[in-house]
Amino acid sequence: MKIIFVMVNMAGGGAERVISILANRFVKLGNQVAILMTAGDTVAYELDPAIELFCAGSVSGGSMKKRLERIKNMRRFLKKNRDAVLVSFGPGTSFFTVLADLFLDHPLCISERNDPVACGHPHLRNLIYARADRLVFQTEDAMQSFPEKLRKKGCVIPNPVMEGLPSAFVGEREKTIVAVGRLQPQKNYGMLLKAFARFHKRYPEYSLHVYGKGEMLEELQKEAQRLQIDAAVVWEGFRKDVLSCILSAGMYVLPSNYEGISNALLEAMAIGLPVISTDCPIGGSKMCIQDGKNGLLVPCGEEEKFAEAMMHLAEDRAYADALGKEAANIRSSFSEETISQKWLNELSEIRK
């Protein structure tokens, strides 16, 4: 089977990470794989040399000319690969995919990657999704957010945990709290800073390390200064070796307002970190975390409860270690092999 993933580009991000894992796995299983990038040719993940990369254009900046050129280039690539199955991630990319594929009629799978309620144009998105032969949702909550006619095309496939992750850390953990993700409003790092400020008054020996880049960096740095915790907050930027950097951390935190399934959270659990996450829509965190057994769930936006959860793990290191040990079992339930096969089964169905 030939499979073409369609994505904006392969720069750092959760959807891009999933594509890289699936694409590499599919090639190993004897499939032909290509990645069609609609706006740029940046690739931040290691890909099998057998994977074909095609860039259809650059960032449009609102230019209609660039967008039309993008569609033209996408269409030319799709015509050369008439026997392929298309897998498009998210509503924006899928809009261009549907336009480029008009009258070519490739089997099309669209994957919803975030909280459907957060979409600014739900009616347009639903029109686009109606053109798909299969819709893949990360959680049951996400699928239930859509009309029945779209749910009938849907299935739930969680994100895979990448193979070859570092082994779980054994020993005394550092007095560090780590977070991984883009610096954007969805991630609610402002709430995390306020929660950490509360926490830091009782545990001044701890530091907060944030891995990721984004448009909110300066704003968040100013907020840390206002809260008088800037000396204890380290802005690490994007790191390809982030798992090695956080392996011995005291705890991992996810403060998001909404998420699909956070790859960073999955990987933190897989390497045995004690984790705290908001119980955010669309239910990805509660799919992974059994509260009190392999991690802690906190209501969205409640900085006091988030601070209390961090204090709980700092106060009871034996409990924190037990959570981390149980969390590492997610390697098997969300394994790359299991999740990849679920994808292949669905793609084979729509290819018939």
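**Note on the predicted model**

1. Lys152 sits in the loop that links helix H6 (148-151) to strand S7 (154-156). Is Lys152 buried or exposed? Its relative accessibility is 66%, and because exposed means over 50%, Lys152 counts as exposed. Leu135 is 17 residues away from Lys152 in sequence, and the C-alpha atoms of the two are 8.8 Å apart in space.

2. Strand S8 (residues 176-180) gives a picture of a covered element: 5 of its 5 residues are buried. Thr176, Val178 and Val180 point one way from the strand, while Ile177 and Ala179 point the other way. The residues of both sets are buried.

3. Which strand is joined to S8 by 5 bridges? The partner is strand S9 (residues 207-211), and the two strands run parallel.

4. Helix H3 covers residues 91-100. Its buried residues are Thr93, Ser94, Phe96, Thr97, Val98 and Ala100. In an α-helix there are 3.6 residues a turn, so residues three or four places apart point the same way.

5. What do the buried residues of H3 pack against?
   - Strands: S1 (2-7), S4 (84-89) and S5 (108-111).
   - Helices: H2 (64-79) and H4 (122-129).

6. For the chain as a whole, the secondary structure consists of 15 helices and 13 strands. The C-alpha trace spans about 65 × 40 × 40 Å along its principal axes. The radius of gyration is 21 Å, which agrees with a compact globule, because a globule of 352 residues would have a value near 20 Å.

7. Of the 352 residues in the chain, 55% are buried. Among contacts with a separation of 6 or more, 67% are between residues 24 or more positions apart.

Technical notes
Residues are numbered from 1 along each chain as its sequence is written. This is a predicted model: local features need pLDDT of at least 70, side-chain atom pairs count only at pLDDT 80 or more; totals for chains, interfaces and linings use all residues. Side-chain values use heavy atoms; hydrogens and water are left out. Helices (H or I, at least four residues) and strands (E, at least two) are DSSP runs, numbered from the N terminus. The radius of gyration is taken over C-alpha atoms; the globule rule is 2.2 Å times the number of residues to the power 0.38. Buried means under 20% relative accessible area, exposed over 50%, partly exposed in between (1.4 Å probe, protein chains only). Contact means heavy atoms within 4.5 Å. Two strands pair if DSSP finds at least two bridges between them.
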